[in-house]
Amino acid sequence: MTWNQQHWAGVLAANWAIDADLEPLAGEFDLNFHVSARDGRRFVLKVMRANCDASLVDMMCSAHDYVHAQGNASNTEFPVPSVVPATSGARWCAAVDADGRERFVWLISFIEGRNYAQFRPQDSALIRELGQRIAHLDRALAGFSHPAMQRDLKWDLLKADWIDAHAERIADRAQRAIVQRISAQYAALKPALLREPIAAIHNDLNDYNILVAHDAGQRPHVSGLLDFGDIVIGPTVAELAIAAAYVALDQPDPERAIAALVAGYNAVTPLTGAQLDLIWPLILMRLAVSVTNSAMMQLKRPDDPYVVVSEAPAWRLLERAEYIPAARVAARLRVACGLAPGDSASRTLEWIGQARGQFAPVMGVELDDVPVGELSPIGCTVPRNPTCMTDAEALALGVASKDAYGARATRIGRYREPRLIYTDQAFAFGPHRGSDRRTVHIGVDIFMPPGALVHTPLDGTIEVVEYRKQHLDYGGMVILRHAPADGVSFSTLYGHLSRASVSRLRKGQQIRKGEAFAELGDPAENGGWDPHLHLQLALNPDLLGHDWPGVADPDDLEYWCAVCPNPAALLNLPDARIAYEPLDMEAIRRERHTRFASNLRLSYAEPCLLVRAWRTHMYDEWGRAYLDAYNNVPHVGHSHPRIEAVAREQLRRVNTNTRYLQLELMEFADTLLAKAPPQMTHVFFVNSGSEGNELALRLARAHTSGKDMVVVDHAYHGNTTGAIDLSPYKFNKPRGGGAPEWVQVVPVADVYRGEHRGDDAAERFASAVDGAIERIRARGGRLAGFIAETLPSVGGQIIPPVGYLPAVYARIRAAGGVCVADEVQTGLGRLGEFYWGFQQQCASPDIIVLGKPLGNGHPLGAVMTTAEIAQSFDNGIEYFSTFGGSTLSCRIGTEVLRIVDEEGLQENARVTGNYLLQGLRDLQHRHEVIGDVRGAGLFVGVDLVTDRETRMPATTIADYVKNRMREKRILIGTEGPADNILKIRPPLTIARDNVDQLLATLDGVLSETAANI
Ligand SMILES: Cc1ncc(COP(=O)(O)O)c(C=O)c1O
């Protein structure tokens, strides 16, 4: 401890009889110390600035006590520290500092957690909880009063006008103008603010006065609300606006963050529309006070860079706010609190609902019997490539639904329907192929022939009439404004009209109910679409201007569906008839449990339901893209059109089995054997990796007359009885039953975590086989062989030292056994430089087993072996696998092998795999938690550790990272005996752009608090 710390430790001992070490904590004017008492207790010692008024200390202590008393009375726990009285019973003491000045000292309990400002991620769930906490705190504080609260405080939002006189201190003219504008808006709303009820409020819930704790495996939660030094009598909207100002700093979407906070508050203490309208202007005013105050301090302390740096986030938000309309934020906050998006919105919606059935038919005919088509990812497969819709597909959208729903000329396209057809970059939020994008249709479509007349459902005035010539835009588009009754006002949009119809119309023109004011355009003039009307309703048209989005972000639907509700009533239809009915995810999860044992596991804390896939992406019900960096089964990419084509074609011809002569069987065998080493002359086709390994075991036994096998620790070879017996990963689990007596386990050749490192590691790991052979002899057994994943995957994406497998194989062969290479994970080019894993090891197996990638999702495996072994197996008993080697399987398998070659996927695994590995190694420099990065091609492991020295597995962090990546829609897994290794094993189609997205996301997640504990 420094002299100063010792000094205050002495004061603590003298007044509180606590013997402790002190560590300084941050504080603007006062000294704060973290107190570690010798008896293990922890506190915070607060030493007030010199000349601090005693009444202020008394006020703070009283406020803490008051909140706790309220908590006791209402059985609520508040995350507020308790004041610890001195031995005299006093809540604070006076003591002299090193300079001889009197300082007031008090002690409070310690609360675990980090400053909100430094906590990551600051996500909606946490912000919402904060809103609830603040509402509870405000309730508790409401009755508090203390004489010291009556003071002039520059942070009092009721008296914030003081900044007008000081704004000129802001040196930058543009910045000064921002503050002046905000102040003028504040002056305009002040009468409304003054009408708000007032009570004691904390008044300074800035991001350093909020603590967040994150216990392993739990969601982060607000653990502390600190520092009651700025408490005033004020309106609760000011409390909320102050917290919101800090919560919004540097948020990618500040409006959503503020909405989450306000929604949390509203769940405890409901807010009115008028209160919600005040929040955004007050947020800006609080930031304006803060930057003006800093500008003044800067004049006083020109050399203190901290003043400028600390204000930078506030300026960033203020500058950004120039482009955020206050009305939009107000509407958002209202919707987040369950209100309609504007004062007239709920009355308008009610009016429209009541007029249902009385509107003039928009297409001139009633639509009651018109079938509803499906364009959702569940309901159709358009577009074939969800990253790029073709012109032909756009022109046949109505036909897509016609196929499914009968050949009616007219069809309706649903409201609130997710669709993958919006593939243009304009719909994307980010630069990547799989970046989040807008997918949900917030209008309704009526497919009809070009030239069909469009009528107004009620009187209206043309507000916008445009021709939009951009491909896949609206073509002709009209927005009508309607004000049919007092307090009822809304607009309707008609898209994909003919060019001629919009050229006839002009802004301000009145259109009478039922008037045929336009006609549908043909594809040459409607943006290139199958002819249809896009009809959309908006309750707050002023928020949307000319450019209404017709499609919304699936993660922001609450807002968009409130602003643009279901227009069914305008078509005289019930809402439910045209609304997309989303899946009930909870029910699906519940139902699954009723039919399947729970060890049929789901990945991720929040499981995914994926309904479409293409190349390296999968898509959920809402059309949200997930980058698949985990699945090694769709080896040549999800939904490969060539695989689809051969499967479809073969199913039309014949699909039979190996008891007949099949040309396809021969072709597949030749194609596969051509890829294998020359000693592989015979092949058996099976349905899975397990069946392959099972057969390999029989081959080894038939050839050697032995029974015993040597296996590698942590290995997995499949789920059948024999394969489980070969899999320590399963039989060594607590209720796994242990190794059968005919199985000997040798350590996995892991040079990062294993016993041996350095140059001779290969030989030393291999020598463990000697012991295994010895044990077989000792038990009177006979060796059949050795089986290993050539690069162990479930063991932790291990790359054995070069020379390991040859050294093992030599020992096994010398003892009379055969060597089985399980290439289920590693074969067919995944390793980039090598087509097979055993090539990486310069080893030459006797039996090769293939599974997962061979059928690209079709259940298909293969076992290749030598003529001698095949002959030994041929003992007169028929070998037959009903589906193994079916004609369909052979076609698919052959096509997979061809695609790997023809699309250069092995080379892509090499190049993109190296790029990925390099990127991960760069991350390793920045993130202590990455102990090791290893891999070959697109077989990659990232070993997470809590300590690089001891290499202690960071299992909890790995689980956190995997789940956070999934939340950010990048699928990876965890693996290894301690489940601490991030497993990255994407389809071989993964591109550099996908890797960039993966690396940037991983970098962000690894920077989060839970990954740095
Ligand atoms: C190395 C290895 N061998 C065999 C298998 C079993 O393959 P399947 O699930 O197709 O039966 C797996 C499956 O994960 C595996 O990873």
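Is Gln175 buried or exposed, and why?

Modeller: This is a predicted model, in which local features need pLDDT of at least 70 and side-chain atom pairs count only at pLDDT 80 or more, while totals for chains, interfaces and linings use all residues. Residues are numbered from 1 along each chain as its sequence is written, and side-chain values use heavy atoms, with hydrogens and water left out.

Gln175 counts as buried because its relative accessibility is 17%; buried means under 20% relative accessible area, exposed over 50%, and partly exposed in between, with a 1.4 Å probe and protein chains only. Gln175 sits in helix α4, which covers residues 173-194. Helices here are DSSP runs of H or I with at least four residues, numbered from the N terminus.

Leaving aside residues up to four places away in sequence, Gln175 touches Ile170, Trp315 and Glu319. Contact means heavy atoms within 4.5 Å. With Glu319 there is also a polar contact of 3.0 Å between the side chains. A polar contact is a pair of N or O atoms within 3.5 Å; within protein, one must be able to donate a hydrogen and the other to accept it, and residues adjacent in sequence count only if both atoms are side-chain atoms.

Leu194 also belongs to helix α4. Leu194 counts as exposed because its relative accessibility is 55%. Its C-alpha atom is 8.3 Å from that of Pro235, a residue 41 places away along the chain.

Key
Helices (H or I, at least four residues) and strands (E, at least two) are DSSP runs, numbered from the N terminus.
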